[in-house]
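Take a moment to look over the model. We will walk through the ligand site, a pair of helices and some loops.

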Amino acid sequence: MEKIRILGDHALQLRGKVRISGSKNAVLPAIVASLLTEERLWLQNTPRVKDVFTTLTLMEELGADSELKEDILSIRSKKIISPEASYELVRSMRASILVLGPLLARYGKAIVALPGGCAIGSRPIDLHIAGMQRLGASITLEHGYITAEASRLRGADIQFEKKTVGGTENLLMAATLAQGETVLRNCAQEPEVVSMAELLVKMGARIDGVGDEVIRIRGVKELGGATHEIIPDRIEAGTFLVAGALTGGDITLEKVDPGHLTAIVEKLCVSGANIEKVDDSTLRVIGCPDIKPQDITTSPYPGFPTDMQAQFMVLMTQASGTSIITETIFDRRFSHVNELLRLGANIEVNGDKAVVKGKTPLSGAEVMATDLRASASLILAGLIARGETVINDVEHLDRGYEKIEDKLKRLGASIERLKK
Ligand code: EPZ
């Protein structure tokens, strides 16, 4: 297992420019959407993160060929040679479940391992399955696999019981080739969902209401190839905004979409950071020494993103007062708290709430990364903890951040990756 070592410093002020990579959560569904056509997709601004390579391995097992040159990924599923997403792959990346809809729509069959739980909760896929059944798929669950079959999917009116990013993406893709019209209600409105719908339209899908809670899709016989720019990663951007606020630094973030960051920017400004929009793709964050406590409640977009909860919690350990963080999306997304306690934070978890008492000086320690965003929060804490922090299991981090230690080093952090 690889480790990252940070020499923290209370007085550290990160300064300089950082280029934000393409969004992991936007590129994964875009790659999977290539299953819907026998023509080629070109995806620009593709981030070189572990989950992309895992998804490409899965796609190749299904029959796709792909090539990543610089940040341009070309991928084509000319012929599907297998409808099976194995447990080996699915357990390493839950987003593999996204192949269910496209395989059913294009191939008429899908065999996908049940993803199981993970560090941030039980993460069921009942809404994906219920939606596919509404489109006429017959589904059996046995031996830890979902087997779904449908000679041809038929359009239906589907109401999601709760907002689900993956569920919306899966059903959107399936509906593009279904017979007749599908109406999806209570859809997730995350930018990654919108971007995938825009790609489907470029491929020839007939979709009305992109970005709304109600989306209408009229099925077509086939889809074609397309070229698509992957949107910037708003969670990576949010992580660097917090890094600037936390260290009282001055960081310019390039290649961001400020429109995707409203809830994060608002909370950071109220807590004392100064964030200015330099231009349509550039933000500048200047931290301030006196961080004010803020209560946050995570919620579906455009609310405060659950993927930023752990990072913001670190900022609140340095606020002058008490903050209450309420996690409403996942049932167990506080695994970073125990590790932050090892660094000296004062946090008490009670159900879906974490009460964070600040200002608490942190001191370096050896800690364990448990999931992707928890890993990011430990890096942020290590930057300002006095002394050395070593983070184990950084493979989690590599799933969604492209060379984060290099980016932080260029901003003045004393951080290095320790090979095994
Ligand atoms: C996506 O996960 C993201 N992953 C997650 O980012 C993100 O945290 C999440 O959306 C919420 O924004 C990708 O896009 C690859 P959901 P997803 O379906 O689609 C429940 C990261 O760090 N639910 O919106 O799996 C579910 O348990 C990752 O980049 C059901 O009950 O999330 C959760 O409580 C972590 N039944 C809530 O809905 C279902 O069938 C939202 O989940 C599906 C979901």
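Helices (H or I, at least four residues) and strands (E, at least two) are DSSP runs, numbered from the N terminus. This is a predicted model, in which local features need pLDDT of at least 70 and side-chain atom pairs count only at pLDDT 80 or more, while totals for chains, interfaces and linings use all residues. Residues are numbered from 1 along each chain as its sequence is written, and side-chain values use heavy atoms, with hydrogens and water left out.

Start at the ligand. Around the ligand are 22 residues. A residue is near a molecule if one of its heavy atoms lies within 4 Å of it. Asp 126, Leu 127, Thr 164, Asp 307 and Ile 329 come nearest. What kinds of residue make up the shell around the ligand? Nine are nonpolar, five polar and eight charged. Here Ala, Val, Leu, Ile, Met, Phe, Trp, Tyr, Cys and Pro count as nonpolar; Asp, Glu, Lys and Arg count as charged; the others, Gly among them, count as polar.

Several helices contribute. H1 (24-33), H5 (126-134), H6 (165-175) and H12 (372-384) each supply at least two residues of the shell. H5 gives the most, with three.

Now look for polar contacts (pairs of N or O atoms within 3.5 Å). A polar side-chain atom of Lys 24 lies 3.0 Å from a ligand oxygen. The backbone takes part too: a polar backbone atom of Leu 127 is 2.7 Å from an oxygen atom of the ligand. For Val 165, a polar backbone atom is also 2.7 Å from a ligand oxygen. On its own, the ligand has 830 Å² of accessible area (Shrake-Rupley method, 1.4 Å probe). The protein covers 87% of that area.

Next, follow H12 to its partner. Two packed helices are described by the angle between their axes and the distance between the axes. The axes of H11 (residues 335-342) and H12 come within 9 Å and cross at roughly 20°. These axes are lines fitted to C-alpha atoms over the stretch in contact, with angles from 0 to 180 degrees between N-to-C directions. H11 and H12 are therefore roughly parallel to each other, a term for angles under 35 degrees.

Finish with the loops. Which residue does a cis peptide bond join to Gly 358? The partner is Lys 359, with omega about 5°. Lys 359 sits in the loop between strands S21 (353-357) and S22 (366-368). Another cis peptide bond runs from Tyr 301 to Pro 302, with omega near 10°. Pro 302 lies between strand S18 (296-297) and helix H10 (309-317), in the loop.

Notes. Polar contact = N/O pair within 3.5 Å; in protein donor to acceptor, adjacent residues only side chain to side chain. Parallel < 35°, antiparallel > 145°, perpendicular 65-115°, else oblique.
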